[in-house]
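Take a look at the model below. This report walks through a few of its helices.

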Amino acid sequence: MITYIIRRLFAAVVLLFIVSMITFAIFFVIPKLGGGTPETLASRYVGRAATAETVRLTAERLGFYDPILVQYGHWLKGIFVGADYDYGPAVDHCPAPCLGYSFRTNQPVLPDLLDRLPVTLSLASGAAVLWLLAGISVGTLSALRKGSVLDRMSMGVALAGVSLPIFFTGLISLAFFSYQLGWTAPGGSYTPITENIGDWAYALLLPWITLAFQFSAQYARLTRAGMLETMNEDFIRTARAKGLVERRVVVKHGLRGALTPILTIFGLDIGLLLGGAVLTESAFSLKGLGQYAIDAIKNYDLPKVMGVTIMAAFFIVLANLVVDLLYAVVDPRVRTA
């Protein structure tokens with residue numbers, strides 16, 4: 001088990017290193033291959049209103065005339081030991097881990113990301129609990145009652161949840177439950193959990209339900225398919241032949257065997273959401289990482305976009321690492337893989 005954990009930790013570190021290279025290539029190498037110049041790269045740091053001389057000086061200060069490998073080395077060094085940014089009037093220090101420095105706001109990107117992270121973390125964690133409970137429960141009941149009215153109704157609702165986009169269900173939910181009935185908090189409401197846990201849950205209740213409705217539909221269909229396959233296996237018939245009660249057969253043997261694909265998709269989903277639930281945060285006007293990324297794109301602020309990208313990649317790798325470790329708990333055969 002220890003060897004398995006060490007292998008997965010090492011693979012996660014290597015993957016993060018590869019992701020950093022790919023991220024750097026997307027923002028710096030590919031534009032040059034498409035005909036971009038150091039000046040066009042620098043213009044993404046200073047905004048659209050900057051003069052040609054300002055753009056040239058910025059490109060020189062940021063080292064955009066250096067070879068690509070040298071630029072990547074400086075960028076990677078900033079993540080581990082920090083970096084100094086000369087924007088003209090003064091030289092500002094970006095402490096490690098430096099995920100970028102915004103020349104439009106004259107401040108490092110990481111503090112802004114950490115300030116927005118609790119909103120996205122609250123949204124993703126609360127919705128994840130709801131969609132796991134609802135999706136796995138509905139999927140299991142549908143599989144055990146295949147062909148029944150419950151099965152057809154639940155899969156019909158699941159199909160609607162998968163088909164309807166979050167910006168549609170989110171806005172409809174806001175208009176009906178918040179502004180017409182007044183049951184839930186209006187858009188843009190958020191109270192930190194450290195201030196008042198009741199207000200925190202009340203403000204996020206509708207975003208949780210709306211987001212969970214879409215994801216639980218996928219999990220219900222996936223759980224149903226997995227349970228239908230697992231319940232027909234030989235070890236299930238053996239467990240019943242031994243006289244085990246049906247609840248134990250379903251939960252310990254059937255559901256456990258169907259959890260592996262659910263864990264796989266859950267790791268991807270939760271990692272993506274922690275990196276920024278763009279559509280949900282936009283629909284409900286929540287100031288999280290997703291809304292932060294949209295604002296950065298609108299303002300032509302490249303360092304902020306890169307910072308969100310790196311943080312999103314980190315959460316995706318971290319989530320998949322946790323899933324790999326959970327595989328060993330759900331299925332002991334994985335430990336020898």
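The expected span of a helix is 1.5 Å times one less than its number of residues. Keep that rule in mind for helix H4, which covers residues 68–81. This is a predicted model. H4 has 14 residues, and its first and last C-alpha atoms lie 20 Å apart, close to the expected 20 Å.

Now look around H4. Gln-71, Tyr-72, Trp-75, Leu-76, Gly-78 and Ile-79 are buried. These residues cover an arc of only 145 degrees around the axis, so they sit on the same side of H4. Leu-69, Lys-77, Phe-80 and Val-81 are on the other side, and they are exposed.

Helix H3 spans residues 52–61. Its buried residues include Val-55, Thr-58 and Ala-59. Seen down the axis, the buried residues of H3 fall within an arc of 100 degrees, so they line one face of the helix.

Next comes a helix pair. The axes of H7 (residues 166–180) and H8 (residues 197–230) come within 10 Å and cross at roughly 145 degrees. The crossing is right-handed. H7 contributes Ile-166, Thr-169, Gly-170, Ser-173, Leu-174, Phe-177 and Ser-178 to the contact, while H8 contributes Leu-206, Thr-210, Leu-211 and Gln-214. Of the residues in this contact, 5 are nonpolar, 6 are polar and none is charged.

Conventions. Residues are numbered from 1 along each chain as its sequence is written. This is a predicted model: local features need pLDDT of at least 70, side-chain atom pairs count only at pLDDT 80 or more; totals for chains, interfaces and linings use all residues. Side-chain values use heavy atoms; hydrogens and water are left out. Axes are lines fitted to C-alpha atoms, for helices over the stretch in contact, and angles run from 0 to 180 degrees between N-to-C directions. Helices (H or I, at least four residues) and strands (E, at least two) are DSSP runs, numbered from the N terminus. A crossing is left-handed if the near helix is turned anticlockwise from the far one by less than a right angle, and right-handed if clockwise. Contact means heavy atoms within 4.5 Å. Ala, Val, Leu, Ile, Met, Phe, Trp, Tyr, Cys and Pro count as nonpolar, Asp, Glu, Lys and Arg as charged, and the others, Gly among them, as polar. Buried means under 20% relative accessible area, exposed over 50%, partly exposed in between (1.4 Å probe, protein chains only). The arc is that of the directions from the helix axis to the C-beta atoms.
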